[in-house]
Amino acid sequence: MTIFAFFLGLAIGIGIWLYWRAWFYKQVGQLLRSLPAGASNISLPPIPRLRYGISLVNRQQQDLETEILSWQQILQVAPIGYLVVDEENQLLWCNEQAQQLLHLHRWEPGQVRLLLELVRSYELDQLIEQTRQQQQPQTQEWAFHPSYRDAEAIGRSASIALLASSWPLADGQVGVFLENRQALAEFSAARDRSFSDLAHELRTPLTSIRLVAETLETRLNPPLLRLVQRMLPEINRLINLVQDWLELSQLEIDPSSKLNRKSLELKSLIHSVWQTLEPLARSKQLSLDYSGPDAVWIEADESRLYRVFLNILDNSIKYSPNQGIIRTQINLLPKIDDLFGRVEINIIDSGAGFPESDLPHVFERLFRGDPSRTRQSSEGMKDKDDANIASKTGSGLGLAIVRQIVLAHGGCVTASNHPNTGGALLKIELPYC
């Protein structure tokens, strides 16, 4: 009986050992399959092969750590800032430029802290969150105001124009490149001030030149009369350019303080603008098609909003073919939080539309895009083309003024091409109660 129990225990022990051995080699096989191809293809027993695979993985890890360190060293001397946050918005790493741009004096390498504790920037937080949610690169430009503990330092501090470009990384991490745009912003502001000062200086002599030309027009006979008549439209165009530039500069400096808001009805305002432009539209047999509510009342500056529709409809007339239709659509968008709604105004011409490459730039100052949508040069033209040339001339600031006026009213304006007709589509959104 004792011998039977001994052999029974021995059999059970051998069975358990065989089961454990099979399970162990099964686990080793799974590990080998997860190792790099170089470790799983060599002719060795499982255990030595596993040891070789582990040593190979260790070498690869060391190579990756060396490569990461090399990239970090490159980013440290890069002329732009770079930082990485994890899925909880904790700052994992940033280079010297990012520390200087964002004033990260309380962060040290290797330290993991919430980005919000170090940088108080709503725009940066929003950019990171949008990148993580959409899993798409994002860009954001804003004026960053550094935070200081010292009240005296706050008084001396100035905002910095930053351009941030983000990129989604693995495991919810986000990388952000930061570019200091302050020098460019200051250069742009200095350029605009110079142009504004020049425009102020040009206004008086141009007006004097126009008075002289108008006087000569009444006293000269052909062929000298024809030269003066060709000169007057160019003088008027220069005067309009100067006036538009001064108006745009004033809007950018103080956009909302000059607004004289009152209750006005949009449909009536648009038809009033069209009546002003009707002689131009009649010469090309153009018609205006309106669709939308009979009455939409908003609080806005009537003269400014009149200028918005005047500029847009004037462009629509210029670039629409003869016997075309200019469509104006008004839609009421849902209210936000039951307080404020938005009214959408679409103006669509029947022309060829904007070239795709021009769409990001149509609201820039003096931007001239595709020749089919720009004014032609009068040099070398015959007299019979003078009227056509004059109809295509402009200051090049019309849509820039439109954008500034709409922004001053708390709205937005975008340019695109209508998906069905292909004509230029200007979409304006304005708040209304």
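Predicted model: local features only at pLDDT ≥ 70, side-chain atom pairs only at ≥ 80, totals over all residues.

**Entry: why a probe?**
Rolling a probe the size of a water molecule over the atoms shows where empty space is left.

**Entry: the whole chain**
I looked up the helices and strands, and I got 13 helices and 13 strands. Of the 433 residues in the chain, 35% are buried. I then checked the contacts with a separation of 6 or more, and 61% of them join residues 24 or more positions apart. For the accessible surface I found about 25,900 Å², with 56% of that belonging to carbon and sulfur atoms.

How many cavities of 30 Å³ or more does the structure hold? I found one. The largest cavity has about 30 Å³ of space in it.

**Entry: who lines it**
I listed the lining of the largest cavity: Arg261, Ile298, Glu299, Ala300, His409, Leu430 and Pro431. Two elements each give two or more residues to this lining, namely β9 (297-301) and β13 (424-432). Which element gives the most? That is β9, with three residues.

**Entry: what kind of lining**
Last, I sorted the lining residues of the largest cavity by type, and got four nonpolar, one polar and two charged. Arg and Glu count as charged, so Arg261 and Glu299 are the charged pair in my list.

Notes: Residues numbered from 1 in each chain as written. Heavy atoms only, no water. Helix = DSSP H or I, 4+ residues; strand = E, 2+ residues; numbered from the N terminus. Buried < 20%, exposed > 50% of the residue type's maximum accessible area, 1.4 Å probe, protein only. Contact = heavy atoms within 4.5 Å. Areas by Shrake-Rupley, 256 points an atom, 1.4 Å probe, with all protein chains shown as cover. 1 Å grid on protein atoms, 1.4 Å probe; cavity = no way out; pocket = protein on both sides within 12 Å on 5 of 7 lines; lining within 4 Å. Points joined across faces, edges and corners; volume = space filled by probe spheres on them.
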